[in-house]
Amino acid sequence: MDLITKAIALKTTDYGESDKFILLYSLDHGKISVHAKGIRKAKAKLKFAGDTFCFGNYELAQTGDRYMLKTCEQLESFYTLREDIVCYYSACAIAECIANYTEEGQSDPVLFVETLRALEQLVLGTNPLTVVLRYLLGFVKSQGFALDFKRCAECGELNKKMFLDFAKGGILCDSHRTLDSIAVTPRVISACNLLEDMPFDKLKTVTFSNELLKDALGDVGQYIAHSFSQNKSLAELLHLA
Ligand SMILES: [Zn+2]
């Protein structure tokens, strides 16, 4: 049976002499692992389809739960993401969320579009740290772990001292937090408040210092590590930026 779907190549692994396994994030079927035969041969016509971040119409042959790459029409290569190391690790941090924290075969059209929009903004030169922060806030929300930066999750208060609580899993005031929490600065709170629902194409209109963005990414990164697992690309990005 054949399956045609729009998809983004999140991760690729070399296999055998000239094959690859491509982890696709597809619009219609979520994550799918695809065997691409002969794709690493010098003259392979579909070489591009096995490049990380390739976005295209992928045509796959399905046998049971196995998928083979038949053909691909490229819609966008996102090639320039590989020309800047900060952009590259930003894109990797985004891909790692889907690759490591979502289930195979579960489609989420909204998250798919957000992933695509985030990669587009990286290519367009929007501050990569702003893009990643916006993406992560949307991602945790899509997975049912939304953070509300507007008020304490228990009493509804917002004061100068707020905390990201890992035991209770939210933003809490000093009276309601547990010991398993970190202080979040008012600047991080207001940056996250502003960004969380902002459309990706508006991100270029906001300017935050990299220092503030790194603080916010560090906090949200810790929350992600507690809720899912450590995002290694994000750690690398914070180290580089
Ligand atoms: Zn409270």
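**Strand pairing, core and domain arrangement**

In this predicted model, strand β6 (residues 162–165) and strand β7 run antiparallel and are joined by 4 bridges.

The domain assignment divides the protein chain into domain 1 (2–76) and domain 2 (83–240), whose C-alpha centres lie 29 Å apart. Contact between them involves 13 residues of domain 1 and 15 residues of domain 2. On the side of domain 1 that touches domain 2, the elements giving two or more residues are β1 (2–15), β2 (19–26) and β3 (30–36), and by class this side has 8 nonpolar, 2 polar and 3 charged residues.

The largest nonpolar core has 71 residues, and those with the most contacts inside it are Leu24, Leu69, Ala91, Ile94, Val132, Leu133 and Leu136. Helix α1 (residues 85–101) supplies the largest share of this core, namely 10 residues, while at least three residues are drawn from each of domain 1 (2–76) and domain 2 (83–240). For Leu133, when its neighbours within four places in sequence are left aside, the residues in contact with it are Leu195, Leu213, Ala216, Leu217 and Val220.

Technical notes:
Residues are numbered from 1 along each chain as its sequence is written. This is a predicted model: local features need pLDDT of at least 70, side-chain atom pairs count only at pLDDT 80 or more; totals for chains, interfaces and linings use all residues. A nonpolar core is a set of buried Ala, Val, Leu, Ile, Met, Phe, Trp, Tyr and Cys residues joined through C-beta atoms within 7 Å. A residue is buried if 20 or more other C-beta atoms lie within 10 Å of its own, exposed if 12 or fewer, and partly exposed in between; C-beta atoms are placed from the backbone. Domain bounds come from an automatic or database domain assignment. Two residues are in contact if their C-beta atoms, placed from the backbone, lie within 7 Å. Ala, Val, Leu, Ile, Met, Phe, Trp, Tyr, Cys and Pro count as nonpolar, Asp, Glu, Lys and Arg as charged, and the others, Gly among them, as polar. Two strands pair if DSSP finds at least two bridges between them.
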